[in-house]
Amino acid sequence: MTLNNDPLWYKNAIFYELHIRSFCDSNGDGKGDLLGIVSKLDYIKELGVDCLWLLPMMPSPLLDDGYDVADYYNIHPDYGTIEDFKLLVDEAHQRGLRVITDLVLNHTSDQHPWFVESRKSKDNPYRDYYVWSDTDEKYKGVRIIFTDTEPSNWTYDETTEQFYWHRFYASQPDLNYDNPVVADKMIEVVRYWLDMGIDGFRADAVPYLFEREGTSCENLPETHTYLQRVRAAMEAYPGTIMLGEANMWPDELRPYFRGDPNDPSVPGDEFHMAFHFPVMPRIFKGLRLGEATDIINIMRDTPDIPYNCQWCVFLRNHDELTLEMVTEEDRQLMWNEYAPDPTMRLNLGIRRRLAPLLDNDRRKVALANAILFSLPGAPIIYYGDEIGMGDNISLFDRNGVRTPMQWTDDETAGFSDTTPDKFWASLIADETYGYQRINVATQQNQDDSLLALMKHFVAVRKANPVLGWGTCEFIDLDNTAILAYHRAHEAEQLLIVCNLSDTPQMVTLPLADVVGQTPTDVLTEESLGVVDAVEYGMTLEPYQYHWLRFE
Ligand code: GLC
């Protein structure tokens, strides 16, 4: 098998996000690596996903788990070599799997040779690679992202008695994109990895590339112009994509696609894909309150995007469950409901995994995924969530949601040949989520496992391209515990109906268009009663969902 050459493959793709250090250790040093991933490609293929997203893999002091890059042209020695990376890409492609990697444009590590030079003296040739200032009064009012640790976006550097700018940790100085040399150098980085055959990038923290006085220093026109340049460079590599990480409201995200949704002759020419951040916390809120309104509202506020663009939707990822895109009131509500223990909180978010967030309640985990896999956008599965892994909030920063993958119930959880005391992070070993109970091998043998269900979602989603391509109309209902939406593309249609609450709910759906037809749930192939009137009544059990086809 090889890759199909559909340039729009990402429209109906499913992504698998993977933390290299935690996936599989091939050389017994207690840290996952690229060859470990190679050994697990068949597992990933069997899951049915289309594309791997690899978290940062370049040399780094790992003060932000690799988002602090010290060398853009190499692989972190813990993870392997460039040759290993080429092998991984090749082996993935042979299985029809694509590979995208993280691309950190906004900042480097303070250990990067550019910064090591830059901070030496004011007249160092690399001085201008970063953003320096005599005062920390510049760009006043720009929000701080890592609120728990960073008192300011400026850090004073004694050697040259100036401040440098950083939107994240102080160990991650922001590059100065006003310097054309920097702008060019980062395009070279893009080309270097694309030349290696990868299928694109997850572009990290892109809203912050430029700074301008009197603005929020986010989503600036200069930033868009630069990203279009990156995109233009990518055009030489057909089929590659840029998936942008901009944690913004839908109307702020819209300009990152550009193009005209109503005119196919004006396709998008900036991001191919962007994460839909705001819908994610609303799914969790909806499930907690048994109330669909917020999900519907945010999706109705989501602008149309050009045909060659796509959203990416997710429930969890390697970061905290971010609550930046909710009101202050909802943030408090989410913290109270989902992070009762303050150590579960981090910055403006919650550092927990999917299964524990949803009380390890199979019905809720299934429903959350039923929504994820049927909303507009390409879904992402975060490694380990397909088997319902737990978290370890005693670990530093976001490491609690990045623990070693649980492959088997052996002492090493099948993660490594070395003993667990040498693992870079301890295994989850508690009674509920421990590897002894929650692991791939066990679930592979059970027809009713979460893993089996996830494979089923992937397969049914793939069999129904309307979910990748279709329009989405939300249905207004008197019963707001029910979330219902209609997906349509050409002759294909699906009606999604979900009970977000923990009690049985009756709902009357307006189905004038399909009177006389019989709905069948494509997930179970079970038929419901024929639609014999324009109003169709049904009862859904707690957290029950249907993906209905009419015939
Ligand atoms: C992104 C990454 C996050 C990282 C930050 C700074 O938000 O997802 O893990 O800490 O960028 O690079």
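Analyst: Start with a pair. Asp 294 forms a salt bridge with Lys 285, with the closest N and O atoms 2.6 Å apart. A salt bridge here is a side-chain nitrogen of Lys or Arg within 4 Å of a carboxyl oxygen of Asp or Glu. This is a predicted model: local features need pLDDT of at least 70, side-chain atom pairs count only at pLDDT 80 or more, and totals for chains, interfaces and linings use all residues. Residues are numbered from 1 along each chain as its sequence is written, and side-chain values use heavy atoms, leaving out hydrogens and water.

User: Is Lys 285 buried or exposed?

Analyst: Buried means under 20% relative accessible area, exposed over 50%, partly exposed in between (1.4 Å probe, protein chains only). Lys 285 is buried at 14%. Asp 294 is partly exposed at 22%.

User: Which residue forms a salt bridge with Asp 157?

Analyst: Side chains of opposite charge can pair when their charged atoms come close. Here the partner is Arg 119, and the closest N and O atoms are 2.8 Å apart. Asp 157 is buried, at 6% relative accessible area. Arg 119 is partly exposed, at 24%.

User: How many salt bridges does the structure hold?

Analyst: The structure holds 37. Some residues are linked in a network: Asp 64, Asp 65, Asp 319, Asp 397, Arg 398 and Arg 402.

User: What about a pair with an exposed member?

Analyst: Take Lys 140 and Glu 137, a salt bridge with its closest N and O atoms 3.5 Å apart. Lys 140 is exposed at 56% relative accessible area. Glu 137 is partly exposed at 48%.
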